[in-house]
Amino acid sequence: MRKNSILLFAFLAISVLANGQELEIVDGDYTYTKVIESNKTKSEIYSTLKKWLNNVAVKSKFVIDQDDPDTGILSFNEALPTMEYDFLTTARTSYKVNIEIKDKKVRYIVNNIVLNKEFKQISIPEIKQPYNSLLKDIEAENEKYTLNKNLMDQESKPRLKKKLETEFLNARNNLRSLNEINEMIKIQIISNENVIKEKINQSDDW
């Protein structure tokens, strides 16, 4: 059962989010886009979402970088907690959120997903990698996992079997870490969408 959970996201060519929407490649960048309907005016929606962002920005969750009530655009950068990437590195994921507001609807866009990687025991500058690198690493570790599992099951010599087992366990642990990062990204994107949907459809201002 645990092996199945490790491999849950490993076979996806692109990331399918919880509601069936996908991260699609737009101009070479993985992007999530969703139009959210509302019964409120542009100014009402803008005011509601601005209050929400101000409240969460105080907790250092978001950094607002565009605030234009005339064009109806709010944008912010969000950084997720640092997580283990593999046995050598950790990664802190960040991305850009654009909220385009019109009467009775909002376009929610997430793009520029970047993984800021740091080596655990080596003092070198942080490495920035695009989201696509995470998907490639998941695919590569899944291939290692499957290959070493098959070879380990077929090997009869104890010394070689032990070496293959070590490789198998490393791939399994790396794959688990990578999938956890990928899942966290998707969960947070959907969480933000659901909060926006809830806020702009509340009957009373809050």
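## Basis of the values

Residues are numbered from 1 along each chain as its sequence is written, and side-chain values use heavy atoms, with hydrogens and water left out. Because the model is predicted, local features need pLDDT of at least 70 and side-chain atom pairs count only at pLDDT 80 or more, whereas totals for chains, interfaces and linings use all residues.

Val-97 belongs to strand 6 (residues 89-102); helices (H or I, at least four residues) and strands (E, at least two) are DSSP runs, numbered from the N terminus. Val-97 counts as buried because its relative accessibility is 0%; buried means under 20% relative accessible area, exposed over 50% and partly exposed in between, with a 1.4 Å probe and protein chains only.

Beyond its neighbours within four places in sequence, Val-97 is in contact with residues including Phe-76 and Tyr-108, contact meaning heavy atoms within 4.5 Å. The C-alpha atoms of Val-97 and Asn-77 are separated by 6.2 Å, although these residues are 20 apart along the chain.

## Aromatic pairs

The whole structure holds 4 aromatic pairs. Rings of Phe, Tyr and Trp (its six-membered ring) pair if their centres lie within 6.5 Å; planes under 30 degrees apart count as stacked, over 60 as edge-to-face and the rest as tilted. Tyr-32 and Tyr-108 form an edge-to-face pair, at 6.1 Å centre to centre with 75 degrees between the planes. Tyr-32 lies in strand 2 (residues 29-37) and Tyr-108 in strand 7 (residues 105-119), so this pair ties together parts 76 residues apart in sequence. Both Tyr-32 and Tyr-108 are buried.

Trp-52 and Phe-76 also form an edge-to-face pair, at 6.4 Å centre to centre and 85 degrees between the planes. Phe-76 counts as buried because its relative accessibility is 0%.
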